[in-house]
Amino acid sequence: MSTILWDDITFGPIHSRRVGTSLGINLMPANGKICSFDCVYCECGWNKDGRKNLVIPSYAQVAAALEKKFKEVHGHGIKVDSISFTGNGEPTLHPDFPKIIDCTIALRDKHLHGAEISVFSNATRIGDAAVREALMKVENPILKLDAAFNDLAKRINQPQGPYDVAEIVENMKLFDGNFIMQTMFLKGVVPAGSVDNTTAENAEAWREIVLALRPRKVMAYSFERETPSPGLVKATVEEMTAIAAPLMEQGIDVQINA
Ligand code: SF4
């Protein structure tokens, strides 16, 4: 498959279907991947194929790269909607993630006033108070929950350590609704058998979780590019709309991207 592994700390701005003009920040290794999940749909490819470089950039390297890029983007008069932590794996795994968020906020206020800060996270580290507090400081903490049941989450996300949906939901409650939930909908054959998170059973349990959490917004989407697991089928807009409709009727803001 054609994987996307970024070769630097910053990339873009690029157009993101979910956050608009997005200046990307990659806290994981250049041309390598480190993640606490190994999702069957990951654009970075399988974790095992991303081990050429496992050196993560230092805080000083990140701070210098951000200042340089923010000044450059401002100098070119480019309007950025979102400064987005995404890249080659899970950004909150960086040991200085909280300090990097403080630095990003300060640099944004200095050079890119008006841009929101978004962190695309798989939520595996929100049980850590420092990580959670850092996420609470940004405009858009975008937290993943792909399945309502542990066995399905394990087949879709392939967590690399202990993972429990109920525990993640409890930790999400601490955000008091001030977060965005992201859910990838798909179906098909995967290494551990098959997956389908569009079934009535999963959709109903997922909606119950959303209603208990009442996130500021829900991003329901399907994959855009080739996936490491070749037997996957995208969920359609119609399927996701049908799943989300009862939530929208109850005032939940749901953004759907097929
Ligand atoms: S959480 Fe994100 S980076 Fe990690 S494996 Fe899943 S899609 Fe890839």
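Which residue in S10 stands opposite Lys187? In this predicted model, for which local features need pLDDT of at least 70, side-chain atom pairs count only at pLDDT 80 or more, and totals for chains, interfaces and linings use all residues, the residue opposite Lys187 is Val233 in S10. Residues are numbered from 1 along each chain as its sequence is written.

Strand S7 (residues 186-190) and S10 run antiparallel and are joined by 3 bridges; two strands pair if DSSP finds at least two bridges between them. An open sheet of 3 strands has the order S8-S7-S10, with antiparallel pairing. Strand S8 (193-196) and strand S10 (232-234) are the edge strands, each pairing on one side only. From one strand to the next the twist averages 5°, with axes being lines fitted to C-alpha atoms (for helices over the stretch in contact) and angles running from 0 to 180 degrees between N-to-C directions.

The secondary structure of the protein comprises 7 helices and 11 strands; helices (H or I, at least four residues) and strands (E, at least two) are DSSP runs numbered from the N terminus. The C-alpha trace spans about 50 × 40 × 35 Å along its principal axes. The radius of gyration is 18 Å, which agrees with the value near 18 Å for a compact globule of 258 residues; the radius is taken over C-alpha atoms, and the globule rule is 2.2 Å times the number of residues to the power 0.38. Among contacts with a separation of 6 or more, 72% are between residues 24 or more positions apart; contact requires C-beta atoms, placed from the backbone, to lie within 7 Å.

Lys33 lies in the loop between strand S2 (20-26) and helix H1 (59-75). Lys33 counts as buried because it has 26 C-beta neighbours inside 10 Å. Beyond its neighbours within four places in sequence, Lys33 is in contact with Leu5, Met28, Cys44, Gly45, Asn47, Gly50, Asn88 and Gly89. Lys33 and Leu247 are separated by 214 residues in sequence and by 35 Å in space, C-alpha to C-alpha.

Terms used:
Buried ≥ 20, exposed ≤ 12 C-beta atoms within 10 Å, placed from the backbone. Contact = placed C-beta atoms within 7 Å.
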